[in-house]
Structures are given as C-alpha cells and as structure tokens.
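Please keep the sequence and the model in view.

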Amino acid sequence: EHFDKPQVTLLGAREGGRYESVAVDNRKPDKPVFFVTEDHEYGAMRRFVANGQEWDALHQDGDTTFLHIKDDNTFEWTTNQVDAMMSAKKYYTKSEGVSFYEGKLYFMAKAERKMLILDLDQMTYETEISGKKFYGGGEFTSQPDQIMVGPSRKFLFFTEDGGDSPGVYVRFSGDEMYSTMFQGIPGGRYSDDETVGIALSPDNLRFYAGFQ
C-alpha cells in the first residue's frame, strides 16, 4: 500500500539531525517504543512512544522524550532536550549502534569506546569499555560502531570504525569476554576503513558484514 509513497517518519526532528541507528521495544504491540541515536557531540537519544501500529506507528501520532543520564546509575526520559543534550555530552557523546532485547537497551558511544546498557524496567544503567576483556588474537581498540544481539541471545556482535585493522567482534554474555570474528590485515587495504552491515540470514546459518 505504501511501497511507492514514501513519507518522513516522526522519529526525528523537523530540522533533521545526524541520526545513526534505531531500535524498537515491541513488548506492547499497540504502543511500540522506538529509540534513535545521533552521532553528534550533543546528540541526545530520542525515545518515541507511538500511538499506533505498523505504518501508523511511525506516521500518525506519538510522544517524544530524551535520555537524561543521572550520576547515581539511574536515568530518566525527559522532555527537556537541552538537559538531555548536556547529558549526552557528559555520558554518551556521539552515539552509534543500538539494539533492544528483553527489557534492555544496548548502545554504543564511540568517542569514549563505551557501551551503555539501559534496564528499561528498573530505570538503571551500566557502562562497559568495548573490548576491555579480550580473548585470542586481534584487537578491538578503535571506535565501536554498530551492535546486534545474536539469535541465541548469548552473543553481541560489533562493527568497528577506523584504525589500522577494523574488524567484526563478538561478546559472550556469560563472562563478558570479547573476541575477533575477522578483521583487516594491519596496514592493508582496509586500513582506516570501517566494518558495516552486520546481519544474519533468516535461518541464522550465515553471517554477513562488509568493509567500506
């Protein structure tokens, strides 16, 4: 019905922005919640609670708030965008990939090589330096970019932006250990590039990613 009639969604501001990634909490199908990151020094995460389903969820009506991180490992959603922008500058500047699973929102703050995990039910959060605990060869030392929760829910997958040998990495939820799936040859043709497009085939037997 809408295939040949594209329409701007309600997720972003009218004036636009440096929006990067989106995730959805669909635990309440009649009121899905969308989260949008912004790759900007003051890029506050946007939370859009839709008042509709399917196409209407993004095009009819809803309420927008912004992530405000507090100093006591809690957070809130506020309508004060300026406060949220200052919070982004302090806690999660230049945010990138975002993924939702079972009440938790995972997203990357690339400037400080940090992953933030928001517990959306308890309204608490924790942070983790990407690649801090590493097993095996390779290294995850440049800026983290996209993030994806794997089908077994035991693994998180990451892409990397820049560096001498950008790669794709995986984190095991049990011991929070990172390891390399693949990366470019140091100083080779992919030096200073980035890995992109992580995805799984419908049967979960093939993993896809690329360099750009």
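Strands here are DSSP runs (E, at least two residues), numbered from the N terminus. By that rule, Thr180 belongs to strand β13, residues 178-183.

This is a predicted model: local features need pLDDT of at least 70, side-chain atom pairs count only at pLDDT 80 or more, and totals for chains, interfaces and linings use all residues. Residues are numbered from 1 along each chain as its sequence is written, and side-chain values use heavy atoms, with hydrogens and water left out.

**Thr180**

Thr180 has a relative accessible area of 24%. It is therefore partly exposed, a class between buried (under 20%) and exposed (over 50%), taken with a 1.4 Å probe on protein chains only. Contact means heavy atoms within 4.5 Å. Leaving aside neighbours within four places in sequence, Thr180 touches Phe134, Gly137, Gly138, Glu139, Val168 and Tyr169. Its side chain reaches the backbone oxygen of Gly137 at 2.9 Å. Gln53 lies 127 residues from Thr180 in sequence and 39 Å away in space, C-alpha to C-alpha.

**The sheet**

Strands of a sheet pair through backbone hydrogen bonds, either parallel or antiparallel. Two strands count as paired if DSSP finds at least two bridges between them. Here 4 strands form an open, antiparallel sheet in the order β6-β7-β8-β9. Two of them are edge strands, each pairing on one side only:

| Edge strand | Residues |
|---|---|
| β6 | 95-101 |
| β9 | 124-129 |

Strand β8 (residues 114-119) pairs with β9 in the antiparallel sense over 6 bridges. Leu116 stands opposite Thr127 in β9.

Technical notes:
Polar contact = N/O pair within 3.5 Å; in protein donor to acceptor, adjacent residues only side chain to side chain.
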